[in-house]
Amino acid sequence: MLKKLILPLLVLASLTAQAQTKKSGKKSKKGAATTQTAPQNLTDSLSYAMGLSAGQFLKSMGAENLNYDMLNKAIAQTLKGDPTLFDISTAQGIMERFVQTSMQKKAVAEKEKAKQFLEQNKKKAGVTETASGLQYEVLKEGNGPKPGPNDQVVVHYAGKLLNGEEFDSSYERGEPVTLGVSGVIPGWTEALQLMPVGSKWRLYIPSELAYGEQGAGRDIPGGATLIFDVELLEITGKK
């Protein structure tokens, strides 16, 4: 992650330095130089495209407020081979702390939003909350056996975030999946052992029973409460 962060920082710093020092050469009627507002050639277009990409990356990392003078100073010293304020190892440590702090802040905000949602959701008719904090709603009640912790089960499912964004779905792929009851996130492990075969439940899984403050990949942020529709189709190899 740090290597991916360094390049956009350097690109942004370089482009910022150019933007602050280069003028288009055109003069206004009052004689003041005007800044270039559109790419004039391929170099301009490439420079702007790289800056746009770097800016989006930095914004996604939460680096919205930067000291551009320090950015310009660092890249100028590096390109000229002049002494820098600290070495790259120290720089990586600083960026790592920033990333961790940024992720923690986002996770705290996500958990607070989820807490408010779960507090209201458990009051709804048909929603049950277990001692662990898992909430579920029975959409269809089956009459088959319930799986144990060592069983393999076949399920169909769809998962989404609180904002309704779907991040995974076996229905979309057109086929159910086989998985171990104890080989999934804790919220699933608990719920599957409560479900009779033939059931379809909607699970509301707090982050503590899902992917925690780290999240999972790009689709599931840290601290996120997840909503799953899970259909238990069969148990394979039940003991």
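**Exercise 1. Determine which residue forms a salt bridge with E129, and describe the surroundings of that pair.**

Solution. Step 1: E129 forms a salt bridge with K122, and their closest N and O atoms are 3.8 Å apart. A salt bridge is defined as a side-chain nitrogen of Lys or Arg within 4 Å of a carboxyl oxygen of Asp or Glu. The model is predicted: local features need pLDDT of at least 70, side-chain atom pairs count only at pLDDT 80 or more, and totals for chains, interfaces and linings use all residues. Residues are numbered from 1 along each chain as its sequence is written, and side-chain values use heavy atoms, with hydrogens and water left out.

Step 2: E129 has a relative accessible area of 38% and is partly exposed; K122, at 33%, is also partly exposed. Here, buried means under 20% relative accessible area, exposed over 50%, and partly exposed in between (1.4 Å probe, protein chains only).

Step 3: E119, K122 and E129 are linked in a network of salt bridges.

Step 4: The side chain of E129 also makes a polar contact with the side chain of Q135, at 3.0 Å. A polar contact is a pair of N or O atoms within 3.5 Å; within protein, one must be able to donate a hydrogen and the other to accept it, and residues adjacent in sequence count only if both atoms are side-chain atoms. Q135 lies in strand 2 (residues 135–140) and is buried, with a relative accessible area of 0%. Its side chain reaches the backbone oxygen of L118 at 3.0 Å. Helices (H or I, at least four residues) and strands (E, at least two) are DSSP runs, numbered from the N terminus.

**Exercise 2. State which parts of the chain are tied together by the salt bridge of E208 with K111.**

Solution. Step 1: The closest N and O atoms of E208 and K111 are 3.6 Å apart.

Step 2: E208 lies in the loop between strand 6 and strand 7, whereas K111 lies in helix 4, so the bridge ties together parts that are 97 residues apart in sequence.

Step 3: E208 is exposed at 54% relative accessibility, while K111 is partly exposed at 28%.

**Exercise 3. Classify the aromatic pair of W188 and F228.**

Solution. Step 1: Rings of Phe, Tyr and Trp (its six-membered ring) pair if their centres lie within 6.5 Å; planes under 30 degrees apart count as stacked, over 60 as edge-to-face and the rest as tilted. The structure holds 6 such aromatic pairs. One of them joins F117 and Y204: at 6.1 Å centre to centre and 45° between the planes, this pair is tilted. F117 belongs to helix 4 and Y204 to strand 6 (residues 200–205), so this pair ties together parts that are 87 residues apart in sequence.

Step 2: For W188 and F228, the ring centres are 5.3 Å apart and the planes stand at 90°, so the pair is edge-to-face.

Step 3: W188 lies in helix 6 (residues 186–192) and F228 in strand 7 (residues 226–236), so parts 40 residues apart in sequence are tied together. W188 and F228 are both buried.

Step 4: Ring pairs link Y157, F167, W188 and F228 into a cluster.

**Exercise 4. Identify the residue that caps the N-terminal end of helix 3, and the residue that follows the helix.**

Solution. Step 1: N67 is the cap, with a side-chain oxygen 3.0 Å from the backbone nitrogen of D69.

Step 2: G81 follows helix 3, and its phi is positive, near 80°.

Step 3: Within helix 3, L71, N72, I75 and Q77 are buried.
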